[in-house]
Amino acid sequence: MLTETRSIFLEAARSAVRLLEEPEVAERWVTPSVLVGYTVGGLAAHLGRAVSTPSGYLDQDDGDVGALPTTDAADYFLQALGDHDPVDSDLHAAVRQRSDDMAASGPLAVIDAIHAALQSLAGRLAVEPEDRVVVVFGGTSMRLDDYLETRIVELAIHSDDLLASCPGIGPVPLPGPAWALAGRVIAELAARRVGDRQFALGLSREERAQRPLAF
């Protein structure tokens with residue numbers, strides 16, 4: 001069924017595709033982006049993978065996943081990212097390599113692949129049961145909608161990274177509910193990283209608290 005989270009994901013994904021189609025993205029494809037270690041093409045591919053990866057997990061035959069414990073979006077990021085260095089760790093190097101491999105096919109091929117993935121996924125999300133569970137990165141089991149929340153975070157943050165990397169592009173609006181959902185997940189993640197006290201002080205007393213960064 002098309003839940004609120006699924007609708008927000010699809011709108012965010014469509015916004016990301018419109019951004020990928022901007023001519024300046026293709027023009028800057030091999031130049032460095034604002035995200036360290038990524039070219040604009042690599043960043044575009046990484047953004048596109050936030051649209052395409054759910055289909056791969058839905059395709060897997062995971063057996064009786066309903067019997068597995070599930071985690072939410074914030075804990076997914078905690079488990080997946082841990083304390084890995086965002087630039088130099090093997091984990092992030094592998095993520096960049098997958099994006100670079102995809103980007104090597106060129107902007108038109110990347111856009112076509114993401115278009116096809118989005119079209120297929122839109123139909124699937126309309127019929128998947130509300131309690132559908134998938135096994136995702138690292139063997140983590142999650143409700144489908146909770147996993148889509150992680151993809152909405154990726155779509156929101158990396159869309160903005162891509163806009164910052166291509167300053168000639170006018171605003172490509174991400175739907176407001178996507179930012180609200182992403183903000184909630186990121187806040188939960190930051191609070192779990194530093195603790196509730198540090199999180200609250202980090203937002204209200206900068207002079208005596210560490211920044212509550214999620215990533």
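Where is the place of Glu-128 in this chain? Glu-128 sits in the loop between H6 and strand E1 (133-135). Keep in mind as you look around that this is a predicted model. Welcome to a protein chain with nine helices and two strands, and here is a short tour of it.

**Overall layout**
- Starting at the N terminus, the elements follow the order α-α-α-α-α-α-β-β-α-α-α.
- The radius of gyration of the protein chain is 17 Å, close to the 17 Å that the globule rule gives for 215 residues, so the chain is as compact as a globular protein of that length.
- Along its principal axes, the C-alpha trace spans about 50 × 45 × 35 Å.
- Looking at contacts with a separation of 6 or more, 75% of them are accounted for by residues 24 or more positions apart.

**Surface and charge**
- The protein chain has an accessible surface of about 10500 Å², and 54% of this belongs to carbon and sulfur atoms.
- Among the 215 residues, 48% count as buried.
- There are 18 positive and 32 negative side chains, and the centres of these two sets lie 4 Å apart.

**The largest nonpolar core**
- This core holds 63 residues, and Phe-9, Val-25, Leu-155 and Leu-162 touch the most other members.
- The elements giving two or more residues to this core are helix H1 (4-20), helix H3 (40-59), helix H4 (73-81), helix H5 (90-103), helix H6 (107-125), helix H7 (144-165) and helix H8 (176-194).
- If you zoom in on Val-25 and set aside residues up to four places away in sequence, you will find that Val-25 touches Leu-19, Leu-20, Val-40, Ala-44, Leu-162, Cys-166 and Ile-169.

**A closer look at Glu-128**
- Is Glu-128 buried or exposed? With a relative accessible area of 11%, Glu-128 is buried, because buried means under 20%.
- Apart from neighbours within four places in sequence, Glu-128 is in contact with Met-1, Arg-6, Leu-58 and Leu-144.
- Asp-160 is 32 residues from Glu-128 along the chain, and the C-alpha atoms of the two are separated by 30 Å.

**A closer look at Ala-190**
- You can find Ala-190 in helix H8.
- Ala-190 has 1% relative accessibility, so this residue counts as buried.
- Phe-215 lies 25 residues from Ala-190 along the chain, and their C-alpha atoms are separated by 7.9 Å.

How values were computed. Residues numbered from 1 in each chain as written. Predicted model: local features only at pLDDT ≥ 70, side-chain atom pairs only at ≥ 80, totals over all residues. Heavy atoms only, no water. Helix = DSSP H or I, 4+ residues; strand = E, 2+ residues; numbered from the N terminus. Rg over C-alpha atoms; globule rule 2.2 N^0.38 Å. Buried < 20%, exposed > 50% of the residue type's maximum accessible area, 1.4 Å probe, protein only. Contact = heavy atoms within 4.5 Å. Areas by Shrake-Rupley, 256 points an atom, 1.4 Å probe, with all protein chains shown as cover. Lys, Arg positive; Asp, Glu negative; His and termini not counted. Charge placed at Lys NZ, Arg CZ, Asp CG, Glu CD. Core = buried A, V, L, I, M, F, W, Y, C linked by side-chain atoms within 4.5 Å.
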